[in-house]
Amino acid sequence: MSENRRILFRNPADESFTTKLVLVCLSLVFLGFFLFLPLVVVFVEAFRKGGEAYYEALAEPDAWAAIRLTLTVAAIAVPLNLVFGLAASWAIAKFEFKGKAFLTTLIDLPFSISPVISGLVYVLLFGTGSLLGPWLKSYGIEVLFAVPGIVLATVFVTFPFVARELIPLMQDQGTGDEEAALSLGASGWQTFWYVTLPNIKWGLLYGVLLCNARAMGEFGAVSVVSGRIRGLTNTMPLHVEILYNEYNMVAAFAVASLLALLALVTLALKTFLELRFGAGAAGGRH
Amino acid sequence: MEVKINNIRKEFDRFAALHDVSLNIASGELIALLGPSGSGKTTLLRLIAGLDFPTAGQIFFGEEDASHHSVQDRNVGFVFQHYALFRHMTVAQNIGFGLKVRPSASRPPKSEIKKRVSDLLDMVQLSGLENRYPNQLSGGQRQRVALARAMAIEPRILLLDEPFGALDAKVRKELRRWLREFHDRTGHTTVFVTHDQEEALELADRVVVMSQGKIEQVGSADDVYDRPQSPFVFSFIGESSHLPVEVKDGAVLFQGEPIGISQGSDSAGDLFFRPEDVVLTDEREALSGKVTASRRLAGTRIAEIDIANNGHAPFHVEVEVPLHAPIELGSEARFRPTRWKIFTK
């Protein structure tokens, strides 16, 4: 009689087939509508008038200047945040001190306030009515409506990425390895270079990738401090908006496609890192 | 290397982890710091290593005051509880690390580091595993790599934090014996921390029993087992029972009744005895109570007895009873301690 009665054992946490199907379909529809479709539109619009027009839109001097500026800003902001992020997470994960919880909250601040406000803070700090602005100007240093301001705003907005990636990783790893290295006679620098850094390198790389993607894509904060001087203080996202407002769709989407491409490359690299080094690359241990 | 610990005190945020601890460790000695968690044993080990610094007191290595020397300058071999092997380095790189990071003046050439590493691997019986990574090794092998790595820097003393804590029982026993042989062969002054009394008693020349940041007793396995100097040591090491007693005119009284043993001066305190140090008796002056349970323990049988004189609250004790004459549950058992100690209150 037992062969007639098939008993189906189900994992208690499992769901029925219909539930799964509904969940999967919902996610797919959502992703398709909100992510995949826009992405396709960007490339379709960019190539609407053919490859020639696409290439021309990118080679145009103002577009080229925007690309160069974006790369320059990222090249300054990302290494700075790499160092800041590393220092902050090192301090938070490995040492006990007063105000640690406050510092942790402070690191998240750029995530919790609107980027436009972040930009306005710099306008207030370095604007003509401020103390710092005129003083720096007397030394010939322009901050607002110039590259330094854009870099500052970008650094501010992208600060949390590296730190947030590293803090849980470093907290999880504890100080055991470092103590072992020190007890074997290694100096502080040797310990960092040979032990700490290799332990966090994938998490660090992951944080840098995210930081870079945001640095290149930042719009709000940068738009407030940049002044949008064509060919001078326009980054790629700002340039896209200007072209769009001028109904220059092909050029706007051509530049936008570069940013979308950057996002895709970041995603591919992230997936590769996770596959290659296990879930550890994204905030665990490898 | 001789180690002298003088009146060490260690506070963490005003919580005292160690109170005025003093200890002399002879050169070449194998010492166990034994105690329950929170007794301060690991703190003491880390202070000796220089991984923490004392709030007060000094630590001497030989004649040299090492209290304020950094961990790098102390040249101690430290084996961590979870080994702390560098997971991105091979076994050989792990063991050679301490030599590689030396300043160039004292750093041995590469070929010599290689030779030293292979000698050390020989010593810990892991030859052939040079190129493995820590996650490709068993727990026991990792432990030995950690030991070889600590030995590579030719430490003045060897410190081990719960060296067998993370291993299963069988590997633990093997490594224990192996560590003893290793110590006898190399002759390093060695201090290890453990909460496992069997490990401490079997392995160490002297055992330092600690509780609540204080040293309770220092002595050989025989000393701490047969001549415990405090109620804590008596109950922490081995099995024991205790009862509140009074001594009047030389006779020891439990709940006002004589129990057939005597002691010199009048006092009140706790009577401690071990399950094996009792004799069953028919005498009227004895401890007596109802057998509530009996259990077989390796080569012995232990009876649990609730003893009480009429009207008083019962006290639970455990005594050893003959293996082949099982005692009936619920029956009355009478016994006298043959070896005991009264700690006065």
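Student: What should I know before I start?
Tutor: This is a predicted model: local features need pLDDT of at least 70, side-chain atom pairs count only at pLDDT 80 or more, and totals for chains, interfaces and linings use all residues. Residues are numbered from 1 along each chain as its sequence is written, while chains are lettered from A and ligands numbered from 1 in the order in which they are written.

Student: Ok, chain A. At what angle do α8(A) and α10(A) pack?
Tutor: About 165°, with the axes 7 Å apart. Helix α8 of chain A is residues 160-173, and helix α10 of chain A is residues 188-217. Helices are DSSP runs (H or I, at least four residues), and strands are runs of E, at least two; both are numbered from the N terminus. Axes are lines fitted to C-alpha atoms, for helices over the stretch in contact, and angles run from 0 to 180 degrees between N-to-C directions.

Student: So how are α8(A) and α10(A) oriented to each other?
Tutor: They are therefore roughly antiparallel. The cut-offs: under 35 degrees is roughly parallel, over 145 roughly antiparallel, 65 to 115 roughly perpendicular, and the rest oblique.

Student: Which residues of α8(A) and α10(A) meet?
Tutor: In α8(A), they include F161(A), L166(A) and L169(A). In α10(A), L204(A), Y206(A) and R214(A) are among them. Contact here means C-beta atoms, placed from the backbone, within 7 Å.

Student: And by class?
Tutor: The contact of α8(A) with α10(A) has 11 nonpolar, four polar and two charged residues. Ala, Val, Leu, Ile, Met, Phe, Trp, Tyr, Cys and Pro count as nonpolar; Asp, Glu, Lys and Arg as charged; the others, Gly among them, as polar.

Student: What about α3(A) and α10(A)?
Tutor: Helix α3 of chain A is residues 61-94. The axes of α3(A) and α10(A) come within 9 Å and cross at roughly 140°. Residues making the contact include V73(A) and A77(A) of α3(A), plus G207(A) and C211(A) of α10(A). That contact divides into nine nonpolar, five polar and no charged residues.

Student: How does α3(A) pack with α7(A)?
Tutor: At about 45°, with axes 9 Å apart; α7(A) is residues 147-158. The two are therefore oblique to each other. V73(A) and L80(A) are among the α3(A) residues that meet α7(A), where I150(A) is one of the partners.

Student: New topic. How many residues of chain B are in contact with chain A?
Tutor: 17 residues of chain B, touching 12 residues of chain A. α2 (71-74), β6 (76-79) and α3 (91-100) of chain B each supply at least two residues of that side of chain B. The chain B side divides into 11 nonpolar, four polar and two charged.

Student: Which domains does chain B have?
Tutor: The assignment gives domain 1 (3-235) and domain 2 (239-344). Such bounds come from an automatic or database domain assignment. Taken over C-alpha atoms, the two centres are 41 Å apart.

Key: Contact = placed C-beta atoms within 7 Å.
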